[in-house]
Amino acid sequence: MTASFTPDRFEVFALSRAVDGGPKSSLAPMPTRNGLLIRVTSREGVSGWGEAWCNYPPRGNHSKLMLLQDVVLPTMLGRRVDRWDALRPQLEQEFSRMMIHTGEYGPFTHCIAALDMAVADIAARLQNQSLGELLCASGAPEPTVRVYCSTPDVERLETLIPEFEAAGHDCFKLKVGFDSERDFRVIDRFRDCAAPTTSLCMDANQNWDVEQASRFLNRLETQAVEFVEEPISADAPAGDWQSVARATSVPLAAGENITSEARFREHIDDRSLAVVQPDVAKWGGVSGARDVGRHALAQGSRCCLHYMGTALGLAASMHCLAAMGGDGRVELDANPNPLRTALGELDLTVSKGCLNVPTGKGIGFEPDPQSLTDFSVAQCDVH
């Protein structure tokens with residue numbers, strides 16, 4: 001049983017750094033890499049870290065910092081946490097009317113996910129465990145996790161793919177969902193420069209309707225593809241997802257924009273998704289990813305961890321996948337992001353398609369204080 005604790009200080013850091021060569025998708029380019037971190041300290045003197053999703057818009061981290069400061073965190077002061085994984089459902093219920101009233105469901109769930117991650121970090125530290133050990137249903141978590149190299153610049157595939165393969169990668173995710181003929185030219189170029197054993201995934205970022213998705217996926221039937229992510233809108237009716245799934249043998253994936261465990265279970269149980277992709281910073285935190293992953297594996301589906309944020313959430317994602325097991329992968333952004341590579345010490349050395357899970361207690365990663373200062377564009381302290 002997890003020891004209870006009382007959070008009594010919350011430090012929030014909005015991080016940002018402009019880069020050349022940020023990710024590009026059919027949604028929008030990302031020339032600014034953002035982060036929103038929270039450090040929660042308990043009366044017992046133990047601190048834990050969490051991260052809220054804020055890839056876009058460019059200053060979305062500022063608005064979520066203020067949402068935490070003004071609305072969410074005042075309700076946390078003096079709140080006794082008896083079970084760390086009960087906090088997220090409680091907060092989701094408490095703020096459910098406010099989410100509807102303000103139309104800000106996403107920002108609230110991102111902030112609550114960050115708190116879930118931070119209290120899990122505290123709980124693991126109080127029990128002298130790693131986060132993976134805390135999340136493990138039985139046995140020990142895996143020491144390594146498989147990854148896929150996400151969103152390499154398609155203008156430089158012929159250079160980048162051999163370089164990433166030489167660095168240990170064996171699976172890539174390409175952005176599609178632009179013009180289909182352009183997309184298939186990119187796929188052909190990838191096949192020409194990648195090793196025969198290298199795996200391929202794709203992400204359409206919700207840019208097709210049912211007919212367009214089915215047509216594109218049918219053209220992929222002769223190719224080996226691990227999954228195609230978000231071929232249609234994440235909130236499309238269940239019947240639309242089932243229709244696309246029935247029209248192709250290509251595995252469908254989604255999860256970063258699924259916002260409840262009930263919807264995840266629906267997709268898993270009706271077989272419309274072969275791969276579920278919870279994001280620990282976007283909905284559910286690590287408790288949601290754990291529960292979704294367990295259900296997926298029990299039903300014979302795969303669970304991959306979606307992720308494109310800072311090193312903190314990446315480390316937490318690795319622990320989640322290591323705890324649930326299976327043959328899933330963690331997303332590893334291929335593009336420049338100093339918030340991933342220069343925020344603190346995290347081993348990002350890929351070997352045979354795998355990363356080493358951080359060791360130590362809790363998440364096993366803490367931002368370097370000087371780096372935190374250098375990247376911060378706003379912060380608050382609630383106590």
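Modeller: On a 1 Å grid over the protein atoms alone, a cavity is a set of points where a 1.4 Å probe fits but cannot get out, while a pocket is an open set with protein on both sides within 12 Å along at least five of seven lines. This model is predicted, so local features need pLDDT of at least 70 and side-chain atom pairs pLDDT 80 or more, whereas totals for chains, interfaces and linings use all residues. Residues are numbered from 1 along each chain as its sequence is written, and side-chain values use heavy atoms, without hydrogens and water.

Colleague: How many cavities of 30 Å³ or more does the structure hold?

Modeller: β2 (32-42) and β3 (47-52) each supply at least two residues of the largest cavity's lining (strands are DSSP E runs of at least two residues, helices H or I runs of at least four, numbered from the N terminus). Among the lining residues are N34, E51, W53, D279 and Y307. The space in this largest cavity is about 50 Å³ (a volume is the space filled by probe spheres set on the points, which are joined across faces, edges and corners). The number of cavities of 30 Å³ or more is one.

Colleague: Which residues lie nearest the centre of the largest pocket?

Modeller: The largest pocket holds about 440 Å³ of space. Its lining has 22 residues, where a lining residue has an atom within 4 Å of a point. Nearest the centre of the pocket lie L27, W53, N205, E256 and K282.

Colleague: Which residue forms a salt bridge with E94?

Modeller: A salt bridge is a side-chain nitrogen of Lys or Arg within 4 Å of a carboxyl oxygen of Asp or Glu. For E94, the closest N and O atoms of the pair are 2.9 Å apart. The pair links distant parts of the chain, 15 residues apart, with E94 in helix α2 (residues 87-94) and its partner in the loop between α1 (60-72) and α2. That partner is R79.

Colleague: Is R79 buried or exposed?

Modeller: Buried means under 20% relative accessible area, exposed over 50%, and partly exposed in between (1.4 Å probe, protein chains only). E94 has a relative accessible area of 45%, so E94 is partly exposed. R79 has a relative accessible area of 16%, and therefore R79 is buried.

Colleague: What separates E92 and R88 along helix α2?

Modeller: E92 and R88 form a salt bridge, with their closest N and O atoms 3.3 Å apart. Both residues of this pair are buried. Because E92 and R88 are four residues apart in helix α2, their separation is about one helical turn.
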